[in-house]
Structures are given as structure tokens and as C-alpha cells.
Amino acid sequence: MTPGGGAAGYLGAGSTIRTRIALVYGGAFLVLGTVLLLVVNLLVLAGTDDETDAIVARAGGAAGDAAAFVAADELGEDIGRAAGEQMLMWSSLALLVTACCAVVVGWWTAGRVLRPVHEMTARAGRLSERNLHDRIAVRGPDDELKELGDTIDALLGRLEAAFDSQRRFIANASHELRTPLATQRAAIQVGLDDDCDVRQVLLDANRRSERLIDGLLLLARSERGLAEREDVPLGELAGEEWADAYVVGDGGLVRGSRVLLGQLVRNLVANAVAYNLPDGTVDVRAEGGVLTVTNTGPVVPPDEVPGLFEPFRRGEGRDRMGPGAGLGLSIVRSIAVAHGGGVRAVARGAGEGGGLVVTVTLPVTATAA
């Protein structure tokens, strides 16, 4: 039973508020009606007994015969009992019928009261990051429902401002962060001779910074959601990124961003290659909306696999000065979630060659021709 839900909690999570209100309304009427009828029946029964005794006394006195008095007394008891039974039966039937009517009236009343809530829910369900400028705009008297609608509208206004600020930040950061790195790279290439010992070190550090910034911007973009969608053949995309990709059947069309999905495949393949063993293998397989990338590599403890999807987490043997930024699988997960899918990784044992089996599952909208 839900806290504070009373008997209505037994209806379960699938029941609607309207149903619960109607049943509570009918149940309350039934309980109060039962109490009322019990009191009325007890009072009527007591009153009938007194009236029956008075009638029997008059009938026996008029007859002047003891036998007639006894017969009249028995007849009075039979009449009183029959009247009480009839009254109890018909009053109970009337109570049940009226309780059913109360449930119907409660259902209708709850529908009228909750209609603004349904309208607010429908409007809120149509909102997304692309139309946060829309509002619930509840009209009507200044009551609790209008107050709730105004509160939601105020929240949407704050969310819209936050999303606009994030968009401006990403756009500005994309330019402001890349420009000085490009300037530094040009200065290093022009200002230092090829045989300078620190030249290559500085260039490598510059490239790592560029990859880190690109990864962070892409992660922020994918977590923000998709502004535009198109049908993307996943198998064809996998083949473009990895020539040896194996496509099962005719593949499937995934509704989303081709740029982001291409980055997803690239990150998976790059991660599989970077963490592979010398002379190891990388297998890329696309089937419908399922993309599976398998590689050989170091054996990863199963309890460490979930942490590989966290930003800046690297596998065994990789340090912070390595070529990667530690964002590969984080970006993969973010892009998959933005497309309504998911990703999971399974560690392979030493007998299987080690490494990981990473599976991305995306909803398929149609079959590629």
C-alpha cells in the first residue's frame, strides 16, 4: 500500500487518479450509507416492537380470551419480523444501487476536475529542448491547478535560459579554445627546427589538447540531444569506418545524426585498436540496429568494466600522457543514449583472447533497401 494512499493503494501503480477518486467516493458513500441504514433499521425495529405490543394488547383485550391474545401476539411478531426483513432487504438493495450511482458520479466529477491536469500533461509531453519556448499557459480561475501550471512555466523558462547558455558556451568554446591551440601549433612548427628535441614533444602535447577539446565538445553536443535526424544505414556506416566490418543481412536504418553515429563507430574502433594486442584482431559486426565491436587485448576484471564508460577513465596500461583523452567510451554511451539506445561491454577471459565485446543497440526505424 502506498504511503498515505489508504485502500486505494491496493489498486497498483497502473490505476488512474480518476479511478481511485471514483472508488473512494463510492466506498465512502457505501460506508456512511450502511451506518445510516443500520441506525434507521434499529430504530424502526424498536418502534415496530412497541407498536406491535400495543396492537396485540388491544386485540387481546377486545377478544377477552387468553388463547386469542396468544394468537394475536404471535401474529404481531410474525408481522414485525416480516416487515423488518423486507425493510432490510430493500434498503440494502437501494444502498448498493445508490453506491454504484455514487461511483459513476465520482467518475464524472473526477474527470471534470482532472481535465486541466490531462491538458497540462499533454502539453508538457510535447515539449523538448527544441521548443522550450512553449509554455503550459493554464487558463482559468486562480486556483491550485493554475498555480501548478505557472510554476511549470517558470521552470521551463529557467530551463530554456540554461539550454541557450549551454549552446552559446559550446559555440564560443569551439572557436575560442581551438584558435589558440592552432596558433601554438603554427608557432611550434615555424619557430622550432625539425631537429629540435622539444619540437615533437610540444606538438604531441598540442595534439592531445586538441583531441581533448574536440572530445569534450562532442560529449556536450551529444548529451544535449539531437537537433536534426535522418535515416542512417548503420551497416553502411560501419563499413565506411572499418573496411572489414561484417554486415548481417541488409542492415537497418537508424533515425539520428549521421555525424554523431559516425563518431560513435570511430570511437569504438579506435578504442578496440588502441587497446589491442600486437597481431591481435578487431571484429566489427552490424546487424539491424545492433553494432558489436570485439577485440583481443588485456584481460579486464568484470567489476572494472562499468568504469570504462566514465570520462577520463583508461584501461590497464594506459597513462594520462597517452594518445587518447579518456573520453572514447563516454562519448559512445552519450551518443547511444541520445539516439534512444544503449551500450554495454562484456570482458572476455584469457582463454578467449582477452579484450572486450562492446555492443551498441539502437532502435531501427526501417530496413535498408
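**Close-up A. A patch of negative charge on the surface of the predicted model.** Aspartate 142 sits in the loop that links helix H2 (66-125) with helix H3 (144-191). With a relative accessibility of 73%, aspartate 142 counts as exposed.

**Close-up B. A nonpolar patch on the surface.** Valine 31 belongs to helix H1, which covers residues 17-63. The relative accessibility of valine 31 is 52%, and this residue counts as exposed.

**Close-up C. Cysteine 100 and cysteine 101, without a disulfide.** The structure holds zero disulfides. For cysteine 100, the nearest cysteine sulfur is that of cysteine 101, 6.9 Å away. Seen from the other partner, the closest sulfur to that of cysteine 101 is in cysteine 100, and the two are too far apart for a bond because they lie 6.9 Å from each other, while a disulfide needs sulfur atoms within 2.5 Å. Cysteine 101 counts as partly exposed, at 45% relative accessibility.

**Close-up D. Aspartate 279, a residue with a positive phi.** Most residues other than glycine have a negative phi. Aspartate 279 is not a glycine, yet its phi is positive, near 60°. Look for aspartate 279 in the loop between helix H6 (258-274) and strand S4 (282-287). Aspartate 279 is exposed, and its relative accessible area is 84%.

Notes:
Residues are numbered from 1 along each chain as its sequence is written. This is a predicted model: local features need pLDDT of at least 70, side-chain atom pairs count only at pLDDT 80 or more; totals for chains, interfaces and linings use all residues. Side-chain values use heavy atoms; hydrogens and water are left out. Helices (H or I, at least four residues) and strands (E, at least two) are DSSP runs, numbered from the N terminus. Buried means under 20% relative accessible area, exposed over 50%, partly exposed in between (1.4 Å probe, protein chains only). Patches are made of residues with over 30% relative accessible area and no salt bridge: like charges are joined within 9 Å, nonpolar side chains (Val, Leu, Ile, Met, Phe, Trp, Tyr) within 5 Å. Accessible areas come from the Shrake-Rupley method with a 1.4 Å probe; for residues, only the protein chains shown count as cover. A salt bridge is a side-chain nitrogen of Lys or Arg within 4 Å of a carboxyl oxygen of Asp or Glu. Lys and Arg count as positive and Asp and Glu as negative; His and the chain ends are not counted. The place of a charge is taken as NZ of Lys, CZ of Arg, CG of Asp or CD of Glu.
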